[in-house]
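Please open the model in your viewer and keep the selection panel at hand.

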Amino acid sequence: MIVPFITGDGVGVEVTPSMQAVVNAAVKKNYGDKRRIEWKEVLAGERAFNETGSWLPEETMEAFRTYKVGIKGPLTTPIGGGIRSLNVALRQTLDLYVCLRPVRWYQGVVSPVKEPQKVNMCVFRENTEDIYAGIEWEAGTPEADKFYRFLHDEMGVTKVRFPETSSFGVKPVSKEGTERLVRSACEYALEHNLPSVTLVHKGNIMKFTEGGFKKWGYELAEREFGKEIAEGRLVIKDCIADAFLQNTLLIPEEYSVIATLNLNGDYVSDQLAAMVGGIGIAPGANINYKTGHAIFEATHGTAPNIAGKNKVNPCSIILSAVMMLQHFGWQEAASSIEKALEQSFTEGRATADLARFMPGGVSLSTSDFTKEIVARIENKNND
Ligand code: NAD
């Protein structure tokens, strides 16, 4: 299997090789010579800019197009120069419309909530629409003024309180965009025998955008999954976003697969991640289930404050690789990595960001932690 990868900037140089060592060990242990990942490095970010003059070279896009599934470390967001964000550019070019964030607790990881074992959700965040589409104009510019004039003169909008000093943003939410996201969430729930899909929205206030998401979501589910719903194999429900954030703390066991819009998804994913151990351990992927294109990724940034210090937690990209192995159907390799990590956490052995909160925790460097995980996998300590 050829897998293109982007090492990434900052701590990417540390976490990506750690992930590769762990994945290689798990694949070898479980499949011997029968299966192997051939890593194909492609460039993006600061390193790509320094070496090629482009933040996102065409060869990189071509590799992801050709090989379909890849993985990436964190990238520096260029300041100026026309690229808003490399991650957004990758998602848009490959039309990766689902941002998938599974959230579960690993034994041994200290959590700010009393019963983190009750948190087991998979967030499907819409990745291409909403206020995130980047359609906005800054206050005081001729564009903002023109947009306001259109609203006022042609659409009869009189509700803008301070038109002279207002910036404006546009929030597109479509039926197609909603349907493909909700369809993927329902299919995922059924494939993984998960009990429910919850549509999270603010349709009580934004009636046509967020309300449209809820309406189109329910209609799609009824039309395409009516049989499964009638048989009790799938429950579709909805929750207003603010109530949902409360409920994640009060009754997390009520939720399984979450389907939501882009901005809600951003807040929801980070809150849930914090409930099970925080930024260093949350995995993610951006996927187009129709074309099969998928990029698995570390969800944290380049962490310049700790880069080069051999202390970064590599678990986010390691667990993203676990998702990738599951995506390939290489379940055995994925499970042996999860078991090795959980065993390590249970013994209080982790990088400093996690170990400092564990009773009697031992803080390991990134390289020592990686060596221990590889050894646990190789020694089958985790049987
Ligand atoms: P960040 O995620 O890099 O860091 C936030 C804080 O969390 C820092 O204190 C950092 O040390 C800590 N942290 C992050 N990951 C950690 C890990 N694995 N282990 C231990 N501690 C960890 O966010 P930031 O500082 O806002 O952003 C830095 C740069 O990264 C910016 O250029 C930003 O645009 C970029 N960024 C990239 C991505 C991506 O590529 N997916 C995501 C977010 C930010």
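The largest pocket holds about 770 Å³ of space. Select P102, C122, Y188, M323 and Q326, which are the closest to the centre of this pocket among the 32 residues that line it. This is a predicted model, in which local features need pLDDT of at least 70 and side-chain atom pairs count only at pLDDT 80 or more, while totals for chains, interfaces and linings use all residues. Residues are numbered from 1 along each chain as its sequence is written, and side-chain values use heavy atoms, with hydrogens and water left out.

A pocket here is an open set of points, on a 1 Å grid over the protein atoms alone, with protein on both sides within 12 Å along at least five of seven lines; a cavity is a set of points where a 1.4 Å probe fits but cannot get out, and lining residues have an atom within 4 Å of a point. Grid points are joined across faces, edges and corners, and a volume is the space filled by probe spheres set on the points.

Next, colour the elements that give two or more residues to the lining of the largest pocket, namely β4 (98–104), β5 (120–126), α6, α9, β11 (283–287) and α10. Helices (H or I, at least four residues) and strands (E, at least two) are DSSP runs, numbered from the N terminus. The lining of the largest pocket comprises 20 nonpolar, seven polar and five charged residues, where Ala, Val, Leu, Ile, Met, Phe, Trp, Tyr, Cys and Pro count as nonpolar, Asp, Glu, Lys and Arg as charged, and the others, Gly among them, as polar.

Move on to the second largest pocket, with about 470 Å³ of space. Its lining has 24 residues, and those to select are R91, R101, D266, T299 and H300, the closest to its centre. At least two lining residues come from each of α4, α9 and β12 (294–298), and α9 gives the most, with four. By class, the lining of the second largest pocket divides into nine nonpolar, eight polar and seven charged residues.

**Helix pairs**

Two packed helices are described by the angle between their axes and the distance between the axes. Axes are lines fitted to C-alpha atoms, for helices over the stretch in contact, and angles run from 0 to 180 degrees between N-to-C directions.

Show helix α1 (residues 12–31) with helix α10 (residues 315–328): they pack at about 40°, with their axes 9 Å apart. That angle makes α1 oblique to α10, given that angles under 35 degrees count as roughly parallel, over 145 as roughly antiparallel, 65 to 115 as roughly perpendicular and the rest as oblique. The contact (heavy atoms within 4.5 Å) is made by V15, T16, S18, M19, V22, V23 and V27 of α1 and I317, I318, A321 and L325 of α10. Of these contact residues, nine are nonpolar, two polar and none charged.

Turn next to helix α6 (residues 175–191) and helix α7 (residues 210–230), which pack at about 40° with axes 9 Å apart and are therefore oblique to each other. The contact of α6 with α7 has nine nonpolar, two polar and seven charged residues.

Finish at helix α8 (residues 241–250) and helix α9 (residues 262–275), whose axes come within 11 Å and cross at roughly 10°, which makes α8 roughly parallel to α9. Select A241, F244, L245, T248 and L249 of α8 together with N264, V268, Q271, L272 and M275 of α9 to display the contact, which has seven nonpolar, three polar and no charged residues.
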